[in-house]
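Reader: I want to learn how to read a model like this one. Can we go through it feature by feature?

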Amino acid sequence: MVRNLGSALDEMGAIMQGPAAVKESVQPNLAWAPTKHDPANPPTKGQVTPVPPVRKLFDIKEIVMPSKGENVFIAPNANVMGDVKIGSNSSVWYGAVLRGDVNGIEIGSNTNIQDNAIIHVGKHSIDGKAAPTIIGSNVTVGHCATVHAAQIGDNCLIGMGSTVLDGAQVGSGSIVAAGAVVPPKTVIPSGQVWAGNPAKFLRNLSPEEQAFISKSASNYAELADQHRFENGKTFEELYVESRIELERFLAADPINSVHQMWEFDRQTMLATRPKK
């Protein structure tokens, strides 16, 4: 309510100033955003939430919010919208988009959706069937990959820049090579490597590749913990870190005049007290 009051006062001031008014707006954070609830198409993955009374605009009374398990990392500039469910220990990286606006998206546990990947769903198709997107557990979806209204089994790797189209099914333990295009309704059996445009069977997975898929998912789960920690720092913590970094930089240069004014701790390389 306070925010709405401030917005109204700002708008009134802009009207009084006329053409010379300076108007600013804050863009909404879409890293975790709702979509309008359509009772005719109830969500299957997200959760329906009533709109607070002060924000009931345009006759929208309910919205669909994404849902997530424990220890999930969503990058600040990623977009996760609407009917989306993300399993525990999964991660959505910078610039990635998961748009559950016309159907549902389900992501399993320990899965990583890497930078600038796009996950969308189908409301219409050639055969008239709407299709969600379902991605299993321990899956790596590489940078700039697109998965549209398709199903990806557990322990798969979807290579960088590849495209998996409507109705396609990728069996568990399979690899779609970088840049490959999997046509609609293609079925990739478990344990195979497919490549090319259109994607074709290349060979069966080797034991080393199977181990790599598992390791990739684990590595990204660990890396997500670090990024979650760094992105969760407060302004005060970031300021203190910047001062520490500056002091260590100055201390690293023995000819810097700062050494004539301060004594440095040898272990932390931080200024401890002025020189007498």
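Predicted model: local features only at pLDDT ≥ 70, side-chain atom pairs only at ≥ 80, totals over all residues.

Reader: How many helices and strands are in the chain?

Author: The chain has three helices and 24 strands.

Reader: What share of the 276 residues is buried?

Author: Buried residues make up 35% of them. The accessible surface of the chain is about 16500 Å². Carbon and sulfur atoms hold 57% of that surface.

Reader: Which share of the contacts with a separation of 6 or more joins residues 24 or more positions apart?

Author: That share is 30%.

Reader: Now strand pairing. In which sense does β21 pair with β22?

Author: Look at the bridges and the direction. β21 and β22 (residues 200-204) are antiparallel, with four bridges.

Reader: How does β18 run relative to β21, parallel or antiparallel?

Author: β18 (residues 175-176) and β21 (residues 192-195) run parallel, joined by two bridges. Val176 faces Trp194 of β21 there.

Reader: On to the cores. What is the general idea?

Author: In soluble globular proteins, nonpolar side chains tend to be buried together.

Reader: Which residues of the largest nonpolar core touch the most other members?

Author: This core has 39 residues, and those with the most contacts to other members are Ile86, Val92, Leu98, Ile113, Val141 and Ile152. The elements that each supply two or more residues to this core are β5 (73-74), β6 (79-86), β8 (97-107) and α2 (207-231).

Reader: Take Leu98. What does Leu98 touch, leaving out residues up to four places away in sequence?

Author: The contacts of Leu98 include Val80, Met81, Val84 and Ile86. Also among them are Val92, Ile105, Ile107, Ile113 and Ile119. Asn79 is on the list too.

Reader: Last, the cysteines. What is a disulfide, in general?

Author: A disulfide is a covalent bond between the sulfur atoms of two cysteines.

Reader: How many disulfides does this structure hold?

Author: The structure holds zero disulfides.

Reader: Is Cys144 buried or partly exposed, and what about Cys156?

Author: Cys144 is partly exposed, because its relative accessible area is 46%, between the cut-offs of 20% and 50%. Cys156 is buried, because its relative accessible area is 0%.

Note on methods
Residues numbered from 1 in each chain as written. Heavy atoms only, no water. Disulfide = S-S within 2.5 Å. Buried < 20%, exposed > 50% of the residue type's maximum accessible area, 1.4 Å probe, protein only. Pairing = 2+ DSSP bridges. Core = buried A, V, L, I, M, F, W, Y, C linked by side-chain atoms within 4.5 Å. Contact = heavy atoms within 4.5 Å. Areas by Shrake-Rupley, 256 points an atom, 1.4 Å probe, with all protein chains shown as cover.
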